[in-house]
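Have the viewer open, try each task, and then compare your steps with the solution.

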Amino acid sequence: MAVSNTQVIFDNLYGIFTYLAIIVGVIVFALMAYLIIRYRAKNSSSDPEDTPRLGRIPTSRGHGRNVLITVTLSTFLLAILIITSFAAVDTLFPNNPPNATWCYSIAAYNQTQATGQSCPRLDVTGHQFYWVFTYPGARSYTNFFRVPVNTTVVLDVTSADVFHDFGIIQFKIKTDAIRGRTNTIWFIPYKTGNYTIQCFELCGTGHVGMIATLNVMNVTAFQNWYGSAK
Ligand SMILES: [Cu+2]
């Protein structure tokens with residue numbers, strides 16, 4: 001079962017690439033096998049008329065139709081891959097991220113789904129060599145953060161020093177963490193549990209240890225934690 005909406009988006013895209021590759025692969029290899037057998041050299045076989053010969057200008061081979069079919073099919077396949085890729089990127093990294101909903105029912109925010117208000121975004125800052133997660137009101141945690149399940153979470157990712165790259169492995173999302181710049185990503189977690197966050201940009205000697213945890217909790221547990229933890 002999928003653990004987040006972003007995993008579904010990525011897996012669907014990956015599936016399209018894989019299935020198209022399998023279809024093309026089967027056709028190509030089947031055709032190759034057929035042609036190898038059909039046109040294998042026999043004692044009786046002779047070169048076709050249009051075989052190129054040294055010292056003679058090659059005659060037109062008249063295979064224009066094959067070229068047309070090949071180019072058309074390739075264009076068609078490429079168009080599918082390009083369009084589906086851009087559609088996925090557009091969803092994962094939109095200019096206007098969706099309304100965050102993680103804070104609904106938390107008294108401090110007094111926001112409701114009905115009015116469609118957006119919850120505050122969470123800040124993620126990469127440091128050599130740890131991650132800091134900041135909730136509204138400057139409440140921050142090092143190397144872990146928590147969100148409620150089945151809600152929309154929007155993250156503003158940046159860096160305090162060198163280039164890092166923030167990625168939640170199981171959610172199949174990542175984005176660069178760059179000082180002076182903010183990259184926004186969002187996700188909806190579908191399952192409670194712990195998920196591994198890692199830095200994906202070699203950022204120094206401690207890079208390998210730059211690991212954090214996202215704890216997805218059920219809504220009540222999250223509200224209790226958020227309400228009590230200060
Ligand atoms: Cu790093």
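**Exercise 1: a threonine and its neighbours**

Find the residues that Thr 175 touches, not counting residues up to four places away in sequence.

Solution. Contact means heavy atoms within 4.5 Å. With that cut-off, Thr 175 touches Phe 93, Val 157, Asp 165, Phe 166, Asn 183 and Ile 185. Finally, Thr 175 counts as buried because its relative accessibility is 9%; buried means under 20% relative accessible area with a 1.4 Å probe, protein chains only.

A note on the model: it is predicted, so local features need pLDDT of at least 70 and side-chain atom pairs pLDDT 80 or more, while totals for chains, interfaces and linings use all residues. Residues are numbered from 1 along each chain as its sequence is written, and side-chain values use heavy atoms, leaving out hydrogens and water.

**Exercise 2: the copper site**

Name the protein donors of the copper ion and work out the arrangement of the donor atoms.

Solution. Donors are N, O and S atoms within 2.8 Å of the metal (3.2 Å for Na, K and Ca); water is not among the atoms, so sites may look incomplete. His 164 (ND1), Cys 199 (SG), Cys 203 (SG) and Met 210 (SD) lie 2.0 to 2.6 Å from the copper ion. Their sequence spacing reads H-x34-C-x3-C-x6-M. The four donor atoms subtend angles of 93 to 125°, so the arrangement is tetrahedral (four donors, all angles between 85 and 135 degrees). As for burial, Cys 199 counts as buried at 2% relative accessibility, and Cys 203 counts as buried at 6%.

Definitions and conventions. Buried < 20%, exposed > 50% of the residue type's maximum accessible area, 1.4 Å probe, protein only. Tetrahedral: all angles 85-135°; square planar, octahedral: opposite > 155°, others 65-115°.
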